[in-house]
Amino acid sequence: VSARPRQNAWILFLLLSGCHGPQSALDPAGPQAGRIRELLDLNFWICLAIYLLVFLSLVLPILFRRATVLDAKEGRVISPEVKSERTVSAIVIGALVLTAAILFCLIIVDFLTGRSLASLATQNGTNVLSIKITGQQWWWKVEYQDLTPSKSVTTANEIHVPLGTPVKFELHAQDVIHSFWIPNLHGKKDLIPGYVTTTYLQADKPGTYYGQCAEFCGYQHAHMRFVVTAEPKEQFNNWLEAQRKSAVEPDTDSEKRGLQVFLSSTCVMCHSIQGTPARATVGPDLTHLASRPMIAAASRPNARGHLAGWILDAQHIKPGAHMPRQNFSPEELQSLLDYLQHLK
Ligand SMILES: [Cu+2]
């Protein structure tokens, strides 16, 4: 039993050392995350070298110390090797100069990294894809704006980006400060109420990445995540085209009943489904709900059971979330689910 804590520590260490994956700054999928990773590596190796030097300068003298001699007549200790004052001050000054030089180099590299991170913004002029993100407690509104309003797309907690193209993000906050962070693609950028910030990023490796709010914004801050899909341009365009459409009409009787349930309950006070009278914007747009991989800011997979759990008792999944509990008869709930799952 006594070996347990140590064993656990090793397991934790091994787990952490394998910290790669869809939400990791150590696994860059674009040029900016790559630059940040290089800076991190440089800092890591320099700090490791300094740590070892300090450690050695402490341990070596202890291991190889010479015996001290006691002067019997005068009753004082004679150190075998008293360094002269000049040697000592030379060593101290040398160490100081080296420290300053290293810090100076790191500042320069840091500055250059910052510049190359910003260069993506100017590379492609004004003709870049621009996505408006609005952070709110505790989910992300995502809007692909177009000069033609009917071509604009609104979705939630889900971002698609074309590969190899810089994308501009226009960041807004509805209530408190949030922070937009996709570790595999770029560093963090704050979303500030009443003030628009922008960030640019580019994905070069296809895949699905997770983003996370990185600024404590209230009770459900930890459940304020989103999914980023980086895909070839053609696939991206297909996705965007599909999202532009209004919601599909209900087909079966149950789906038709589900739409009625939706429109006759409180859902319409907070949600939109394009093509129906539901036009509220308090909560996520549900026009293409069924095409999303996750619900409730990537807290749960978008499966029937989770959807039912969320609709009946969102407070159980995300206590404090701004969606109230609902009461439905089993028949109403099943129809509502049929309808919502039909919204591809
Ligand atoms: Cu947040």
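This is a predicted model: local features need pLDDT of at least 70, side-chain atom pairs count only at pLDDT 80 or more; totals for chains, interfaces and linings use all residues.
Is Arg304 buried, exposed or partly exposed? Arg304 is partly exposed, with a relative accessible area of 28%.

First, the overall picture. The protein has eight helices and 14 strands. It has 344 residues, and 37% of them count as buried. Take the contacts between residues at least 6 apart in sequence: 61% of those join residues at least 24 apart.

Now the metal site. Four residues coordinate the copper ion: His178 through ND1, Cys213 through SG, Cys217 through SG, and Met224 through SD. The distances run from 2.1 to 2.6 Å. Along the chain, these donors follow the spacing H-x34-C-x3-C-x6-M. His178 is in strand β8, residues 178–181, while Met224 is in the loop between β11 (207–213) and β12 (225–231), so this pair ties together parts that are 46 residues apart in sequence.

What is the geometry of the site of the copper ion? The angles among the four donor atoms are 92 to 124°, and the site is tetrahedral. The cut-off matters here: four donors count as tetrahedral if all angles lie between 85 and 135 degrees. For reference, the ideal angle for four tetrahedral donors is 109.5 degrees.

Are His178 and Met224 buried or exposed? His178 has a relative accessible area of 0%, so it is buried. Met224 is also at 0% and is buried.

Next, the salt bridges. The structure holds eight of them. I will go through some of these.

Lys132 pairs with Glu143, and their closest N and O atoms are 3.9 Å apart. Lys132 belongs to strand β3, residues 129–136, and Glu143 to strand β4, residues 139–144; the two residues are eleven apart. Lys132 counts as buried, at 19% relative accessibility. Glu143 is buried as well, with a relative accessible area of 15%. Both values fall on that side because buried means under 20%.

Arg257 forms a salt bridge with Glu332, with the closest N and O atoms 4.0 Å apart. Arg257 sits in helix α5, residues 253–264, and Glu332 in helix α8, residues 330–342, so the bridge ties together parts that are 75 residues apart in sequence. Arg257 is partly exposed, at 33% relative accessible area. Glu332 is partly exposed too, at 24%.

Back to Arg304. Its side chain meets that of Asp338 in a salt bridge, at 3.0 Å from N to O. Asp338 is partly exposed, with a relative accessible area of 26%.

There is also a network of salt bridges, which links Asp146, Glu241 and Arg244.

How do the axes of α5 and α8 cross? They come within 7 Å and cross at roughly 100°. The two helices are therefore roughly perpendicular to each other. The contacts on the α5 side include Ser254, Leu259, Val261 and Phe262, and those on the α8 side include Gln334, Leu336, Tyr339 and His342.

Last, two single residues.

Lys233 is found in helix α4, residues 233–244. Its relative accessible area is 48%, so Lys233 is partly exposed. Which residues does Lys233 contact, leaving aside its neighbours within four places in sequence? They are Pro162 and Thr165. Gly164 is 69 residues from Lys233 in sequence, and the C-alpha atoms of the two are 8.7 Å apart in space.

Gly309 is in helix α6. At 30% relative accessibility, Gly309 counts as partly exposed. Leaving aside neighbours within four places in sequence, Gly309 is in contact with Ala314 and Ile317. Gly309 and Arg325 are 16 residues apart in sequence, and 9.9 Å apart from C-alpha to C-alpha.

To recap: the copper ion has a tetrahedral site, the structure holds eight salt bridges, and α5 and α8 are roughly perpendicular. That is the end of my part.

Definitions and conventions: Residues are numbered from 1 along each chain as its sequence is written. Side-chain values use heavy atoms; hydrogens and water are left out. Helices (H or I, at least four residues) and strands (E, at least two) are DSSP runs, numbered from the N terminus. Buried means under 20% relative accessible area, exposed over 50%, partly exposed in between (1.4 Å probe, protein chains only). Donors are N, O and S atoms within 2.8 Å of the metal (3.2 Å for Na, K and Ca); water is not among the atoms, so sites may look incomplete. Four donors count as tetrahedral if all angles lie between 85 and 135 degrees; four count as square planar and six as octahedral if opposite donors are over 155 degrees apart and all others between 65 and 115; anything else is irregular. Axes are lines fitted to C-alpha atoms, for helices over the stretch in contact, and angles run from 0 to 180 degrees between N-to-C directions. Angles under 35 degrees count as roughly parallel, over 145 as roughly antiparallel, 65 to 115 as roughly perpendicular and the rest as oblique. Contact means heavy atoms within 4.5 Å.
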